[in-house]
Amino acid sequence: MTNAFLLTRQWRDTREGVALDLWWATEQGSCWTQITGQEVVFFVLREQAEEIQTLIKRLRQWRMAEVDLKTFLNKQVNALYFKSHRTARDAQDIFKQNDIAYWESDIRPPERYLMERFVTAGAQFDVPDQAPLPMVNPRIAPLPDDQSLWRPQLRMLSVDIETTMDAKQLYSIGVWCDAGNKVFMVGDGVDTDIVVFCSDEKSCLQQFFLFLQQADPDVFIGWNLVQFDLLVLENICQRLGIELQLGRGTQSIHWRHEENDGGRSFVVIPGRVALDGIELLKAANHQFQSYSLQNVSRELLGESKLLTGNDRGDDITRLFKEDKLALAEYNLRDC
């Protein structure tokens, strides 16, 4: 049995039912497991079963079963199982229109699958020597008590980008990790051990993607990572007509943009976790007068950015035009 630590979980509707994509970190490297033929589940009052069956009889591929569970008011419930999330959502809309109560519709299929197997972060399953990608329907079990605190050594990669002031043109992408520190720079120049010059933005991104394949990080870290760096890279990729290739197993990343909550964006990267330094410090109750990288790095590390002041954006553009090696040094310091 191989010990594994859960990195990401996603799910999607298929003709055969709901499919779960679970990515794990193991001592042998990353592992992708796919669980097929799952159902979306939530609960309704047993006393309303006949009415519920009438209300949703036109819907397809669902079933109802009695279960040994009760509400907090000690009323018996039935489980409703749906082969697709879309059908389950249609049923919920019908129930809302008819004042029918239901429970646990907010528990997504991956969470329910893991909860029912008592898996939180660590798990065990058999990984054959020539494991397919993905491994389909392995038997997943929780870690035994004597290994419950087991954690793998996660590979982290810090990323930072430099752009024009309007964030529409890419200058460079800096990365810092155990596999090596690099700056992929747009423009002409002689490559060094650190700086890789790229003919244009598309080439810069492709060199960055190739490096990711080789470094194969479990975790991306950065400062304002999702709301700026990754979102700007996504926008530039859309302009260039290419995909932002950050996920493992050739799987596409998924964005969710909130109109509320300050217009924040969220990203799911199959097989990799994106951790933002600002959000982590706030979650850990650290207090700073300013959450700028310049201020926090000075307070925590006693180090500063190589460019400071209100004209930093103009200075970055000047370096891009006149001294790309100096810009690369600045980019890497931010990483």
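**Exercise 1. Arginine 272**

List the residues in contact with arginine 272, leaving aside its neighbours within four places in sequence.

Solution. 
- Step 1. Read off the partners: Thr8, Leu212, Asp216, Pro217, Asp218, Phe220, Leu246, Gly247 and Arg248.
- Step 2. Arginine 272 lies in the loop between E17 and E18. Helices (H or I, at least four residues) and strands (E, at least two) are DSSP runs, numbered from the N terminus.
- Step 3. Judge its burial. Arginine 272 has a relative accessible area of 6%, so it is buried. Buried means under 20% relative accessible area, exposed over 50%, and partly exposed in between (1.4 Å probe, protein chains only).
- Step 4. Compare sequence with space. Leucine 7 is 265 residues away from arginine 272 in sequence, but 6.4 Å away in space, C-alpha to C-alpha.

Ground rules for every exercise: this is a predicted model, where local features need pLDDT of at least 70, side-chain atom pairs count only at pLDDT 80 or more, and totals for chains, interfaces and linings use all residues. Residues are numbered from 1 along each chain as its sequence is written, and side-chain values use heavy atoms, with hydrogens and water left out.

**Exercise 2. The whole chain**

Describe the protein chain by its helices and strands.

Solution. 
- Step 1. Count the elements: nine helices and 18 strands.
- Step 2. Take the span of the C-alpha trace along its principal axes: about 75 × 50 × 40 Å.
- Step 3. Check burial: 47% of the 335 residues count as buried.
- Step 4. Look at contacts between residues at least 6 apart in sequence. Of these, 58% join residues at least 24 apart.

**Exercise 3. Aromatic pairs**

How many aromatic pairs are there?

Solution. 
- Step 1. State the rule. Rings of Phe, Tyr and Trp (its six-membered ring) pair if their centres lie within 6.5 Å; planes under 30 degrees apart count as stacked, over 60 as edge-to-face and the rest as tilted.
- Step 2. Apply the rule: the count is ten aromatic pairs.
- Step 3. Take one of them. Phenylalanine 42 and tyrosine 102 are 5.4 Å apart, centre to centre, with 55 degrees between the planes, and the pair is tilted.
- Step 4. Find where the two rings sit. Phenylalanine 42 is in strand E4 (residues 40-45) and tyrosine 102 is in strand E7 (residues 102-103), so the pair ties together parts 60 residues apart in sequence.
- Step 5. Check burial: phenylalanine 42 and tyrosine 102 are both buried.
- Step 6. Go back to the first pair. Phe42 and Tyr102 form one aromatic cluster with Phe82 and Phe95.

**Exercise 4. Charges over rings**

Over which ring does the charged end of arginine 117 sit?

Solution. 
- Step 1. Name the ring. The charged end of arginine 117 sits over tyrosine 113, 3.7 Å from the ring centre.

**Exercise 5. Lysine 305**

Solution. 
- Step 1. Locate the residue: lysine 305 is in the loop between helix H7 (293-301) and helix H8 (312-322).
- Step 2. Find a polar contact. The term means a pair of N or O atoms within 3.5 Å; within protein, one must be able to donate a hydrogen and the other to accept it, and residues adjacent in sequence count only if both atoms are side-chain atoms. The side chains of lysine 305 and aspartate 334 make such a contact, at 2.8 Å.

**Exercise 6. Positive phi**

Where is glutamine 61 found?

Solution. 
- Step 1. Locate it: glutamine 61 is in the loop between helix H1 (49-55) and strand E5 (62-70).
- Step 2. Recall the background. Most residues other than glycine have a negative phi.
- Step 3. Read the angle: glutamine 61 is not a glycine, yet its phi is positive, about 55 degrees.
- Step 4. With a relative accessible area of 47%, glutamine 61 is partly exposed.

Methods
A charge sits over a ring if NZ of Lys or CZ of Arg is within 6 Å of the ring centre and within 35 degrees of the ring normal. Contact means heavy atoms within 4.5 Å.
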